[in-house]
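User: I am new to this structure and would like to understand the words used for it. Could you walk me through them?

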Amino acid sequence: MQTQDNMSEAEFVLRHAEVQAQSVEQAHETITLTQNDFAAFLDALDAPAPANPALQRAMRRHAEQVPP
C-alpha cells in the first residue's frame with residue numbers, strides 16, 4: 001500500500017518514528033536555566049571546587065583505563 005507521497009507504509013511509519021525520536025532526544029538533551037542558575041553555572045565553571053577523594057579515584061581509574 002502506498003501513501004499520497006508514494007511511500008510505503010513502512011517508510012511512512014519509519015519517517016514519523018524518526019521525527020518522534022528526534023523530538024524525544026532533544027527534550028532530554030536540553031536544559032533550561034533561569035538567569036540566576038546560568039550565572040551560578042558559569043561561576044562554577046570559572047572557579048571549580050577542588051576534586052574530592054571520590055573524584056580523584058575516578059580520575060585515576062579513567063587514566064588507567066583510557067589511553068591518552
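Analyst: Of the 68 residues of the protein, 1% count as buried, where buried means under 20% relative accessible area, exposed over 50% and partly exposed in between (1.4 Å probe, protein chains only). This is a predicted model, in which local features need pLDDT of at least 70, side-chain atom pairs count only at pLDDT 80 or more, and totals for chains, interfaces and linings use all residues. Residues are numbered from 1 along each chain as its sequence is written, and side-chain values use heavy atoms, leaving out hydrogens and water.

User: Why is Ile31 called exposed?

Analyst: Its relative accessible area is 70%, and exposed means over 50%, so Ile31 qualifies. Ile31 is found in the loop between α1 (9-29) and α2 (35-46).

User: How many helices and strands are there?

Analyst: There are 3 helices and 0 strands, counted as DSSP runs numbered from the N terminus (helices: H or I, at least four residues; strands: E, at least two).

User: What makes the protein more spread out than a compact globule?

Analyst: Its radius of gyration is 23 Å, well over the 11 Å from the globule rule for 68 residues, so it is more spread out. The radius is taken over C-alpha atoms, and the rule is 2.2 Å times the number of residues to the power 0.38.

User: How do you know that the span of helix α3 agrees with its 13 residues?

Analyst: The expected span is 1.5 Å times one less than the number of residues. For α3 (residues 53-65) that gives 18 Å, and the end C-alpha atoms are 18 Å apart, so the two agree.
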